[in-house]
Amino acid sequence: MTLLALMCTVAFFLWVGLTMTLRISNKEKQKRDADTFESITTKARVIATFQKIALLSTIILLSALIFKLYHDNTAYMEPHILEWVNLVVRWTHVVFGIAWIGASFYFIFLENSLNRTEGLRDQIAGNLWAIHGGGFYYIEKYKSAPEKIPKHLHWFKYEAYFTWLTGFLLLFIVYYFNARSFLIDKEVFDIEPSTGVAIGIGSLIVSWIFYDLLCKSPLVNKKFIFLITMFLFTSAAAYFLSQVFSARAAYMHVGALLGTIMAANVFFVIIPSQKALVKAANEGTALDPSLGLKAGLRSLHNNYFTLPVIFVMISNHYPSTYGSEWNWAILAGLTAVSVGVKHFWNIYEQGNLYNKWLLPAAVIGLIALAMITAPANPATRLKDARVVNFQEVQSIINERCTNCHSASPQDKVWTSAPNGVMFDTPEQIIAMKDRILNRAVITRTMPQANQTGMKQEERDAIEIWIYQGATIQ
Ligand code: HEC
């Protein structure tokens with residue numbers, strides 16, 4: 001199974017690499033056709049043939065090598081291979097995501113900041129002077145299409161497509177591939193991995209359909225109602241997912257469903273509208289202004305989705321959010337806060353300098369969320385508790401944690417200590433006591449999906465031991 005996943009991933013990246021290379025070859029060919037020097041053509045051809053042979057033999061050799069390594073030592077190679085696949089996919093995902101969101105921020109900034117009044121030529125809706133990297137730039141936006149569509153027209157789409165594809169791959173590698181470790185938490189809901197995967201993928205599709213229908217309904221023109229409807233939908237999705245998946249998987253699926261809406265906006269609406277615009281301009285037929293407006297609106301929605309999506313993508317590191325009993329409500333709160341911040345940012349760029357409440361309100365909201373997620377003071381609850389000694393704690397940790405957190409873990413998935421955290425010696429346990437309190441007692445996000453079946457009494461015992469000073473005696 002790992003080998004299959006590996007092969008699919010490698011095939012995906014080869015496909016991306018080949019598509020990109022093909023585009024470059026086409027461009028090069030166009031340039032060559034314009035060129036009259038035969039010698040350059042021959043040289044380029046020889047180089048290209050040589051590169052192809054070298055590439056093909058490397059691919060064959062590497063595949064054989066991976067297969068052999070895997071075959072000889074499956075138990076050790078499986079997790080190792082998965083780790084590297086995970087690394088490469090995640091890295092690519094983040095890089096494409098930055099390129100995409102960067103373009104989104106840039107173009108919405110441009111739209112917001114255009115000079116729309118002074119010294120404009122007839123066809124121009126606005127312009128902007130900028131300085132960046134030591135160069136002066138002058139950008140103009142047309143009211144509709146230019147008279148002649150230029151030969152080199154840059155399209156922004158691969159950033160979006162590849163962000164989604166790598167993101168989906170990552171969802172697969174992390175949550176679906178090891179569904180029992182990451183997707184499913186028996187204490188939340190005991191479902192079969194296949195059911196879990198179906199619910200996960202289904203949630204992405206349903207969300208897109210819901211959002212798309214909403215955009216096609218008259219509600220799309222009622223900004224406030226649209227916003228509230230989308231907010232309620234996202235919160236409901238977060239609630240539903242938190243009732244069927246492990247907390248982390250629930251969060252990640254909310255991010256994935258928003259990301260899917262964003263990518264689908266590009267694929268199903270923005271790019272087709274733009275293609276229709278270019279086609280009409282080339283044919284000299286009248287442009288349908290609703291196409292541009294529709295694409296612009298979806299693009300603006302995408303811009304508002306960015307901050308909540310980025311929060312979800314980093315939320316894994318913050319167990320007080322996804323680990324809280326109210327995790328779905330906290331996600332909803334952070335979504336509201338971040339959309340508010342993005343809105344302030346956008347109206348500020350448009351020159352609205354009078355809004356004095358949005359940003360402070362967002363900060364107050366953030367502080368309120370930090371306070372809501374704060375752990376309760378245990379003093380009154382624990383002051384008369386029985387004495388818990390270190391031996392008891394150590395045996396609990398040996399039973400429930402060292403399966404993964406050890407120099408030689410027994411777990412099938414975690415063959416090296418997660419995050420390098422080990423509990424083999426008393427010193428290691430004492431050194432980590434604060435984080436143990438955080439993960440096993442307060443947020444209850446450890447053991448991972450409670451795979452080792454830790455009981456509440458055991459969590460209580462650890463809490464009391466730490467409250468009583470966490471000593472070795
Ligand atoms: C099934 C494997 C597994 C078991 C069992 C397990 N953990 Fe973990 N632990 C992980 C993984 C995976 C991570 C890294 C991901 C994360 O932080 O959520 C982790 C991370 C942690 C961290 C965070 C380290 C950091 O860098 O901040 C702590 C603390 C922790 N575990 C404590 C515990 C305690 C205490 C127990 C037992 C009560 C336990 N774990 C049981 C898999 C496990």
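Colleague: In the hairpin of β1 and β2, which residue takes a positive phi?
Modeller: Gly133 does, with a phi near 55°, and the hairpin has two residues between its strands. Strands are DSSP runs of E with at least two residues, helices are runs of H or I with at least four, and both are numbered from the N terminus. This is a predicted model, so local features are given only at pLDDT of at least 70 and side-chain atom pairs only at pLDDT 80 or more, while totals for chains, interfaces and linings use all residues. Residue numbers start from 1 along each chain as its sequence is written.

Colleague: In what sense do β1 and β2 pair, and over how many bridges?
Modeller: β1 (residues 124-132) and β2 (residues 135-142) are antiparallel, with eight bridges; pairing requires that DSSP finds at least two bridges between the strands.

Colleague: How many helices and strands does the protein chain have?
Modeller: The secondary structure amounts to 17 helices and two strands. The C-alpha trace spans about 85 × 65 × 45 Å along its principal axes.

Colleague: And how is the protein chain divided into domains?
Modeller: There are domain 1 (1-72), domain 2 (88-112 + 159-372), domain 3 (113-142) and domain 4 (379-467). These bounds come from an automatic or database domain assignment.

Colleague: How many residues do domain 1 and domain 2 put into their contact?
Modeller: Domain 1 gives four residues and domain 2 gives five, where contact means C-beta atoms, placed from the backbone, within 7 Å. On the side of domain 1, three of these residues are nonpolar, one is polar and none is charged. Nonpolar covers Ala, Val, Leu, Ile, Met, Phe, Trp, Tyr, Cys and Pro; charged covers Asp, Glu, Lys and Arg; the others, Gly among them, are polar. The centres of domain 1 and domain 2, taken over C-alpha atoms, are 35 Å apart.

Colleague: Changing topic: which residues come nearest to the ligand?
Modeller: Cys401, Cys404, Pro418, Met446 and Pro447 do, out of 22 residues around the ligand. A residue is near a molecule if its C-beta atom, placed from the backbone, lies within 6 Å of it. By class, this shell has twelve nonpolar, six polar and four charged residues.

Colleague: Which helix gives the most to that shell?
Modeller: α16 does, with four residues. Both α14 (390-400) and α16 (433-442) supply at least two residues each.

Colleague: What is the peptide bond from Met446 to Pro447, cis or trans?
Modeller: The bond is cis, with omega near -10°. Pro447 sits in the loop between α16 and α17 (456-467).

Colleague: What about Asn419: what is its phi?
Modeller: Asn419 is not a glycine, yet its phi is positive, about 55°. The residue belongs to the loop between α14 and α15 (426-431).

Colleague: Is Asn419 buried or exposed, and why?
Modeller: Asn419 is exposed, because 8 other C-beta atoms lie within 10 Å. The cut-offs, with C-beta atoms placed from the backbone, are 20 or more others within 10 Å for buried, 12 or fewer for exposed, and partly exposed in between.

Colleague: And where is Ile330?
Modeller: Ile330 lies in helix α11 (residues 327-349). Ile330 counts as buried because it has 23 C-beta neighbours inside 10 Å. Leaving out residues up to four places away in sequence, Ile330 touches Thr321, Ser324, Leu369 and Thr373. Ile330 and Ala238 are 92 residues apart in sequence, with 9.7 Å from C-alpha to C-alpha.

Colleague: Which residues touch the most other members of the largest nonpolar core?
Modeller: Ile173, Tyr175, Ala238, Ala250, Tyr251 and Val254 do, in a core of 56 residues. Such a core is a set of buried Ala, Val, Leu, Ile, Met, Phe, Trp, Tyr and Cys residues joined through C-beta atoms within 7 Å. The largest share, 15 residues, comes from α8. A second, separate core of 16 residues includes Val393, Phe423, Val441 and Trp465. In soluble globular proteins, nonpolar side chains tend to be buried together.

Colleague: What percentage of the protein chain is buried?
Modeller: Buried residues are 26% of the 473 residues. Of the contacts between residues at least 6 apart in sequence, 66% join residues at least 24 apart.

Technical notes: Two residues are in contact if their C-beta atoms, placed from the backbone, lie within 7 Å.
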